[in-house]
Amino acid sequence: FEHHAGSVTLLVCAHGAPPCTTPTLALSPVEVDLIYRTDVLGTLRMAQVVGARMVTRRQGAMVFVSSAHAHQHYPARIPYALAKAGVVALGRALAVEWGPYNLRINSVSPWQVAGQTRSSAIMAQETTQTGDDTEMLYRQRAPLGRLVTREDVAQAVVWLAQNQSMTGQDIRIDCGQSSSMWHRNFLEGDAP
């Protein structure tokens, strides 16, 4: 990859480890380390390799794919939330450091993505455990009444890559979910 990095004008980092669902008091350092190394250090290393060439050419853009977990959290997801917040912070820090070289670095933080295997599997597991249709509950929680699509994420990435004034930003792609105070337990008075 390093051999071809000189011709790269856009880097999109969209990798990540599966979310860990271990309750916080039972977490092992190994679980935290795996997610941190994959998400944060993996993104940093890719940025370093490609960024070195972009800095020399004084041109380029990077978009890091984070997660809504960088901003809002579920119980027993601490390592994933830490890593995704780290990816957003990395994008902001690099935007400041590399801005003088005409590099733009941004991130996107999608919420539940429809058809994403990992999310679908987690929703199916939650549906089995609670007896509720978890995907339907997610759809109800979003003001637009739907989950995010892969196309939604791709459009945001392309927009950030092309917009010459955007750097150091994180765009939440969540069908309005983060703007809403709707929460089933809160509205229905259920115990948490």
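Predicted model: local features only at pLDDT ≥ 70, side-chain atom pairs only at ≥ 80, totals over all residues.
Let's start at a single spot: Pro-110 has Ile-173 in β4 as its bridge partner.

First, the overall layout. The chain contains 6 helices and 4 strands. Reading from the N terminus, the elements follow the pattern β-α-β-α-β-α-α-α-β-α. Of the 192 residues in the chain, 40% are buried. The accessible surface is about 10,500 Å², and carbon and sulfur atoms account for 57% of it. If you look at contacts between residues at least 6 apart in sequence, 76% of them join residues at least 24 apart.

Now the sheet. In what order do the strands of the open sheet lie? The order is β1-β2-β3-β4, with parallel pairing throughout this open sheet of 4 strands. At the edges stand β1 (10-13) and β4 (170-173); each has a single partner strand, so one side of each has no neighbour in the sheet. On average, neighbouring strands are turned by 15° against each other, direction ignored. Helix α1 packs on this sheet and touches β1, β2 (60-65) and β3, and its direction makes about 170° with that of β2.

As a quick reminder, strands of a sheet pair through backbone hydrogen bonds, either parallel or antiparallel. Here, β1 and β2 run parallel and are joined by 4 bridges, with Leu-11 standing opposite Met-62 in β2. Moving across, 6 bridges join β2 to β3, again running parallel. In that join, Val-65 has Val-108 in β3 as its bridge partner.

In soluble globular proteins, nonpolar side chains tend to be buried together. In this model, the largest nonpolar core has 21 residues, and Met-62, Phe-64, Leu-94, Trp-98 and Ile-105 have the most contacts inside it. At least two residues come from each of β1, α1, β2, α2 and β3. The largest share is that of α2, with 6 residues.

Have a look at Ile-105 in your viewer. Setting aside residues up to four places away in sequence, Ile-105 touches Met-62, Phe-64, Gly-91, Leu-94, Ala-95, Trp-98, Thr-167, Gly-168 and Gln-169. Apart from this core there is another, of 17 residues, including Val-65, Trp-111, Val-157 and Leu-160.

Next, the charged pairs. How many salt bridges does a search of the whole structure find? The search gives 2. In one of them, Asp-39 pairs with Lys-84, and the closest N and O atoms are 3.2 Å apart. This pair links distant parts of the chain, since Asp-39 sits in helix α1 (residues 29-57) and Lys-84 in helix α2 (residues 78-98), 45 residues apart. Asp-39 and Lys-84 are both buried.

In the other salt bridge, the side chains of Arg-146 and Asp-152 meet at 2.8 Å, N to O. Arg-146 counts as partly exposed because its relative accessibility is 31%, and that class lies between the under 20% of buried and the over 50% of exposed.

One last stop, in a loop. Ala-76 lies between β2 and α2. Where in sequence does Cys-20 stand relative to Ala-76? The two are 56 residues apart in sequence, yet 7.5 Å apart in space, C-alpha to C-alpha. Leaving out neighbours within four places in sequence, Ala-76 is in contact with Cys-20, Thr-21, Thr-22 and Pro-23.

Key:
Residues numbered from 1 in each chain as written. Heavy atoms only, no water. Salt bridge = Lys/Arg side-chain N within 4 Å of Asp/Glu carboxyl O. Buried < 20%, exposed > 50% of the residue type's maximum accessible area, 1.4 Å probe, protein only. Contact = heavy atoms within 4.5 Å. Areas by Shrake-Rupley, 256 points an atom, 1.4 Å probe, with all protein chains shown as cover. Pairing = 2+ DSSP bridges. Axes fitted to C-alpha atoms, helices over the stretch in contact; angles between N-to-C directions. Core = buried A, V, L, I, M, F, W, Y, C linked by side-chain atoms within 4.5 Å.
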